[in-house]
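Student: Could we go through this model together? I would like to begin with the terms.

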Amino acid sequence: MSTEIFPAGRPADRLRDGDRPEPQQPSNAARKVGGVAGWIDDRTGAAKGVNYLLRKVFPDHWSFMLGEIAMYSLIICLLSGALLTLWFVPSAGHIVYDGSYVPLRGQGMSEAYASTLDISFDIRGGLLVRQIHHWAALMFIVGLTVHMFRVFFTGAFRKPREINWVIGTVLALLAIIEGFAGYSLPDDLLSGTGLRAMEGFVQTAPVIGSYLAYGIFGGPFPGEAIIPRLFSAHVLLIPALLVGLFTAHIVLVAVQKHTQFPGPGRTNDNVVGYRVMPVYAAKAGGFFFIVFGIIAAISALVTINPIWAYGPYDPSPVTAGSQPDWYMGFADGALRLLPGWLEFHILGFTLSLNIALGALVLLPLVYTVLGVYPFVEKWVTGDTREHHLLDRPRNNPTRTGIGMAGIVAYSVFMFAAGNDIMAIKLGLSINDITWFLRIGLFVLPPLAFWVTKRICLSLQRRDRDLALHARESGRIIRGADGSFHERHDALTERERWILVQHEPVAPLELMPSVDENGVARPATRKERLRAKLSHFYFKDAVNPVTPAELAAAHHDGHRAEAIEAAQTPFDYEGVEGSHEGHRGDGHGADTDAGLESDVDARGVGSSSPIRE
Amino acid sequence: MNALAARRRHPAAIAILLMLGLLVTGFAYAAVAPQPAQAESSTAQDVTAGKQLFLANCASCHGVNAEGRVTGNGDKIAGPALAGVGAAAVDFQMGTGRMPLREPGIQAERGDVQFSQKEIDQVAAYIASLAPGPAVPSEEDVDPTKGDPGAGGELFRVNCAMCHNAAGAGGALTRGKYAPSLMGVEPKHIFEAMDTGPQSMPVFNDNNIEPKDKRDIIAFLTAIDEAPQQGGHALGSLGPVTEGWFAWFFGLGLLVAAAVWLGQKSA
């Protein structure tokens, strides 16, 4: 960088034609900003970290924004919730309502309910803020659920992200508990019914149930203590846990780098996308306002939880259509599906399995199954490498099938919670719906697994076909020797790369039970189980086209079929019978260093599209 | 001068004029006077006309003497006996179009009213003549402006909301039966339903809920029916199920559409 200035017009100037021009002096404003930044950096040393964050590269795909929907909805909940605390009175103290909602005037109610009515009717904009808070809460959990779907189906939970998957699972569980606490606060008829049900659930815990319920409610139900307790849990304890874990979740994403979908130039060792500054920050920031705008628009147009319609809580009435918010629906649905004969009386004690199984067992079970799945899959596949490239869901048909089966099972429970609403809206018998769902709970998930897996395998076969033979153009060409063949339009390298980039897989085989020296080596039970599960995962895998197959198909379109038929499906280079060792080899060591070289989007396409 | 004018000073003239005046006033009053709504005031003529209507439209299921008929298929009945159901039951069933039954089903559904109010009153008079039963309430009994909606709301939540939903939106019962929505139902019919307990509904007679309290309930239902939708579209007032459904389909749909749109921007 030169700072000298030469007089113009000298012949020697031509020699400096290639010189870089003098850099522009920063503007006054930029200098001021720089001054402030420098001042802060001198005192905190933040420049390095900020620079690191601002230069981080994030890959771009709409499905990566599902988690952002959850994140922004959470932020909206925090903001609107802070506003609501200015007026909400978390107290069961008894007062007589004299606000502006006529059908409730003169009614005795708790201060919590009265203050919620005031927020809805007497505080300007209060109802909108309440509705924003509640809609954002629903969208938070919808968002994190579909985000989990995306992470699951693309295998983004694989090493090194298992911890983050577990954190996400805990976040999901905390979110529904947080939601339930909020739903219970206004002390209207619906939320009181929910609390009453919750008390019953707690009581079904064997032996400790009644003590536990007494402890939680500070006495019999309905008591004075539960609303202040729920309030501190809802505004203090759980939000603190949520924000803390959520921060850890985000930090881990930044540290581990975001996963990316396969594509040309995208490897396990790089991240292709936009840097935070300026593109990604603008997009993500803009998306926050889009999410806020959509939630605000919904809140302005559509009622949610019209507490005034339910009336104040009173232990004697209950309303038709008493349901929890959707995310607790699966537990409510389980209660509706469980048969009543599961209640047992043993030695003067009651064991209410008809309630406990749905209310106390199912909820932790669902989240435990979710949390341990990455570890189970890792054990079955024996894959200890790091994965930063996502799976296309079709390329892991068994996992995709398991995921769909899980979603269907969850949905059966969830739909069961709405059996009464379905009955009146569809003109069906609630009994028929309940029986359909009871049977469906056992039939539909395996069916979903099978159908999904078949669809995935078919898609994989189509991908193979497309990679080998490209697109049939429909044009028939007559050769010089009088033969006919159809012209196939070639795929671009980019298109083909997507079809062939994934790794071939094969089930683990047991070691021979007799080794080469004739010594018996019986497989342990664990090994046999693992081999069995591995077969379940990979026995009918459709593997990607190999370079050899592709070359053969290119050389002679007529003989490609013969080549495919002759090859066994698992005969690929580098995937021998026991590929445990192969899978464990040292990819892990050099990934971190490799990842640091973030690739800019413009650098795409230098890699060879065909795997060697 | 005609004969009438010649006799205008006749001693009987004043008496005749008085009589005429009284007659005109009497008939005029009879023509415009409010008719008592009570079925008791029905005449024998109404009963006869009602019986004719009954025989033509109802007897095929309820029997020619309203004694009820069995179908011959197990213990299923074509129509129950009607002695003692009272004029209120007839006014409710026919006045909401549930009777005559359009088709056999789990439950008689609300439909188009097939008869004029006069014809319904006649059939009601006939049924009431068979045995005493609840009468059609007076206008005053069902006037929502005279009731207290706050007190009615409490009674409604305690007695009615478990089937009809706290917002009167209706709810499911067993085996395809249901408690219908109470929005847009005439006050008179709400009162009659409580009094007679149609279909699966229990009877809330004057000992369970006093007529004044019934009027409070009517006042509450009218108030929530007429209240503006404070929070926007109410999604059928069916509670969290419809809200969750809306969040998944419209909320997520809009947000994902926005995400896809924003995702396209990079390309």
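Tutor: Two residues are in contact when their C-beta atoms, placed from the backbone, lie within 7 Å. Helices (H or I, at least four residues) and strands (E, at least two) are DSSP runs, numbered from the N terminus. This is a predicted model, in which local features need pLDDT of at least 70, side-chain atom pairs count only at pLDDT 80 or more, and totals for chains, interfaces and linings use all residues. Residues are numbered from 1 along each chain as its sequence is written, while chains are lettered from A and ligands numbered from 1 in the order in which they are written.

Student: How many helices and strands are there in chain A?

Tutor: Chain A has 22 helices and 9 strands. Of its 612 residues, 38% are buried; a residue is buried if 20 or more other C-beta atoms lie within 10 Å of its own, exposed if 12 or fewer, and partly exposed in between, with C-beta atoms placed from the backbone.

Student: Which residues of α10(A) are buried?

Tutor: They are A:K283, A:F287, A:I290, A:V291, A:I294, A:I295, A:I298 and A:S299. An α-helix has 3.6 residues a turn, so residues three or four places apart point the same way.

Student: And what do those buried residues of α10(A) pack against?

Tutor: Their partners are α3 (66-85) and α5 of chain A, together with α11 of chain B. The helix itself, residues 276-301 of chain A, reaches 35 Å from its first C-alpha to its last, close to the 38 Å expected at 1.5 Å a residue. That expected span is 1.5 Å times one less than the number of residues.

Student: How many residues does the contact take from chain B and from chain A?

Tutor: Chain B gives 51 residues and chain A gives 59 residues. On the side of chain B that touches chain A, the largest share, 16 residues, comes from α11(B). By class, that side of chain B holds 28 nonpolar, 19 polar and 4 charged residues. Here Ala, Val, Leu, Ile, Met, Phe, Trp, Tyr, Cys and Pro count as nonpolar, Asp, Glu, Lys and Arg as charged, and the others, Gly among them, as polar.

Student: Which residues touch the most other members of the largest nonpolar core?

Tutor: A:M139, A:F140 and B:I127 do, in a core of 158 residues. The element that gives the most to this core is α5(A), with 15 residues. A nonpolar core is a set of buried Ala, Val, Leu, Ile, Met, Phe, Trp, Tyr and Cys residues joined through C-beta atoms within 7 Å. A second, separate core of 7 residues includes A:L468, A:W497, A:V500 and A:A553.

Student: Changing topic, how is chain A divided into domains?

Tutor: Domain 1 of chain A covers 54-331, and domain 2 covers 392-472 + 496-512 + 526-587. Domain bounds come from an automatic or database domain assignment. The C-alpha centres of these two domains of chain A lie 35 Å apart, and 13 residues of domain 1 are in contact with 16 residues of domain 2.

Student: What about the domain assignment of chain B?

Tutor: Chain B has domain 1 (36-136) and domain 2 (137-231), with 22 Å between their centres, taken over C-alpha atoms. There, 17 residues of domain 1 of chain B are in contact with 15 residues of domain 2 of chain B.

Student: In what sense do β7(A) and β8(A) pair?

Tutor: Strand β7 (residues 471-478) and β8 of chain A pair in the antiparallel sense over 6 bridges; two strands pair if DSSP finds at least two bridges between them. They form a hairpin with 5 residues between them, and A:G482 in the turn has a positive phi of about 90°. In β8(A), A:F484 is the bridge partner of A:R478. Of the 6 residues of β8(A) (residues 484-489), the count of buried ones is 0.

Student: Where is A:L347, a residue with a positive phi?

Tutor: A:L347 lies in the loop between β5 (343-346) and β6 (349-352) of chain A, and its phi is about 50° although it is not a glycine. Most residues other than glycine have a negative phi, and most peptide bonds are trans.

Student: Is A:L347 buried or exposed?

Tutor: A:L347 is exposed, because 4 other C-beta atoms lie within 10 Å. B:N165 also has a positive phi, near 75°, but B:N165 is buried, with 27 other C-beta atoms within 10 Å.

Student: Is the peptide bond from A:F221 to A:P222 cis or trans?

Tutor: That bond is cis, with omega near -10°. In chain B, the bond from B:M99 to B:P100 is cis as well, with omega near -5°.
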